[in-house]
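Have a look at the sequence and the structure first, then read on.

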Amino acid sequence: MNEEKNLKDVYKKDVNEFAIKQGYKGAKYIGNWKEYRVYEPYMTSNEVSFVGLPLVILVNENGEIRMSTSDEAIACCEIE
């Protein structure tokens with residue numbers, strides 16, 4: 001569990017910067033899906049805002065950050 005927490009914290013700053021560039025206020029870590037760490041972007045505070053299909057931010061094991069596709073986002077909805 002500590003290892004998972006440390007891994008998500010490594011990318012928190014980069015993921016938040018990525019989220020801001022996409023028009024969000026930030027992102028919160030919600031879990032793992034396949035080989036990705038998954039972050040849910042939010043518009044205000046730490047509250048998730050639903051403004052259409054709820055895309056998520058994916059970070060692979062190499063630290064590459066990207067927005068999910070719509071199919072990936074739907075698959076990730078089962079995380080929580």
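Strand 3 (residues 57–59) and strand 4 run antiparallel and are joined by three bridges. Strands here are DSSP runs of E with at least two residues, helices are runs of H or I with at least four, and both are numbered from the N terminus. Two strands count as paired if DSSP finds at least two bridges between them. Val 59 sits opposite Ile 65 in strand 4.

A note on what you're looking at: this is a predicted model, where local features need pLDDT of at least 70 and side-chain atom pairs count only at pLDDT 80 or more, while totals for chains, interfaces and linings use all residues. Residues are numbered from 1 along each chain as its sequence is written, and side-chain values use heavy atoms, with hydrogens and water left out.

On to the aromatic rings. Rings of Phe, Tyr and Trp (its six-membered ring) pair if their centres lie within 6.5 Å; planes under 30 degrees apart are stacked, over 60 edge-to-face, and the rest tilted. That rule gives two aromatic pairs:

| Pair | Type | Centre to centre | Between the planes |
|---|---|---|---|
| Tyr 29 and Tyr 39 | edge-to-face | 5.5 Å | 65° |
| Trp 33 and Tyr 36 | stacked | 6.1 Å | 15° |

Tyr 29 belongs to strand 1 and Tyr 39 to strand 2 (residues 36–42), so their pair ties together parts 10 residues apart in sequence. Are these two buried or exposed? Both Tyr 29 and Tyr 39 are buried, where buried means under 20% relative accessible area, exposed over 50%, and partly exposed in between (1.4 Å probe, protein chains only). Trp 33 is buried too, at 15%, and Tyr 36 is buried at 13%.

What about the inside? A nonpolar core is a set of buried Ala, Val, Leu, Ile, Met, Phe, Trp, Tyr and Cys residues joined through side-chain atoms within 4.5 Å. The largest one has 11 residues, among them Phe 18, Tyr 29, Tyr 39 and Val 59. Helix 1 gives the most to this core, with four residues.

Val 10 is also in helix 1 (residues 2–21), but Val 10 counts as exposed, at 54% relative accessibility.
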